[in-house]
Amino acid sequence: MLTLEKFEEASEIVKKVTLETKLIYSDYFSAQTGNRVYLKPENMQFTGAYKVRGAYYKMSTLTDEEREKGLITASAGNHAQGVAYAAKCYGAKATIVMPTTTPLMKVNRTKSYGADVVLYGDVYDEACAKAYELAEEHGYTFIHPFDDLTVATGQGTIAMEIFKELPLVDYILVPIGGGGLATGVSTLAKMLNPKIKVIGVEPAGANCMQESLRQGKVVTLPMVSTIADGTAVKTPGSKLFPYIQENIDDIITVEDGELVTAFLDMVENHKMVVENSGLLTVAAIKKLQVKDKRIVSILSGGNMDVITMSSVVQQGLIFRDRIFTVSVLLPDKPGELCRVAGVIARESGNVIKLEHNQFVSTNRNAAVELRITMEAFGTEHKEQIMEALRQEGYQPKLEQTNI
């Protein structure tokens, strides 16, 4: 059972390994939504995510014998680092099974805490099956990343901290993968204030909890597809499901494209790097149909590798029409390129790349195709540039942008 006494105990224990992640008031999201929006920046934890809370609290409840057997878990990254770090604190050996698709940064960070890493399977569920197999073979103590009430109690300490800073909170938005964080946060939140609304947020391509709630039982998705690798779970926790049914008020799903633009919002307005799973609640803020409420968005982690980060930034700029590509046909005569450049310059467009192809036609009056990739302030500015080109007699055509 999840009890208030256990949550209080866990809150004291996890202080030994967590940093203080005080709420950050967001002027940007508050203005956009008409609410008072606060961010709970668990991406700023020492291991880069909230998972160290549940891992360390679970470790504190194990016997010496259980720890001496060696520990094993499966994780797409954040729980892996949490268990590896907690094991290091207790001087225990840890083996972590991670999907082969796990970003290299998360693999290396896990190894840096002294854990052995086994790469297996394409998704978390396949890695977890392998971890159970190894636990049986070697006698390791298995620590489940979410379907464990002790682990969930550790994760729920986030809610205790939120209430201490913002006792009158109306809504808490919490990411859901397998459901450990959502279980801990929602259960404690309802104990402290039954009127509070706790909203779970899942990737649209991995909405196992939403589908389970709809059917009234734990179900397994046939496949998952999302850039939010930390919440790419096919089957939610069966031990946690009754708590989710009782304490989660609603579930919102978020498309990958919304995560991409949410990343830009966080970087540009809060100067923070948040991984895709941690951005679920940021993307969901705009989907809440409420006004004048105190809303806390839990940013669950910030472990994003640089290559992924670069790709997300580029896609976000394209989605927001901050970068776009247009093609025009020009007469094959001197000065035409300069003329087009002048039109764009007058409208404050910033050219990033030019491709000049003289061999698209034998008609010398429209023999040159010019592809221009440029930077704009957004959709309105893009349309302003396009209209200026039309006014000059060109027929601009939008093309796919490849930076």
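Which element supplies the largest share of the lining of the second largest pocket? Helix 9 does, with five residues.

## Basis of the model

This is a predicted model, in which local features need pLDDT of at least 70, side-chain atom pairs count only at pLDDT 80 or more, and totals for chains, interfaces and linings use all residues. Residues are numbered from 1 along each chain as its sequence is written, and side-chain values use heavy atoms, with hydrogens and water left out.

## Second largest pocket

Helix 1 (4-14) and helix 9 (157-165) each give two or more of them; helices are DSSP runs of H or I, at least four residues, numbered from the N terminus. The lining divides into seven charged (Asp, Glu, Lys, Arg), three nonpolar (Ala, Val, Leu, Ile, Met, Phe, Trp, Tyr, Cys, Pro) and four polar residues (the others, Gly among them).

## Largest pocket

The largest pocket has a volume of about 280 Å³. It is lined by 17 residues, and Ile227, Asp229, Asn276, Thr308 and Val312 are the closest to its centre.

Helix 13 (256-270) and helix 15 (306-319) each contribute at least two lining residues. Helix 15 has the largest share, four residues. By class, the lining has seven polar, five nonpolar and five charged residues.

Terms used: On a 1 Å grid over the protein atoms alone, a cavity is a set of points where a 1.4 Å probe fits but cannot get out, and a pocket is an open set with protein on both sides within 12 Å along at least five of seven lines; lining residues have an atom within 4 Å of a point. Grid points are joined across faces, edges and corners, and a volume is the space filled by probe spheres set on the points.
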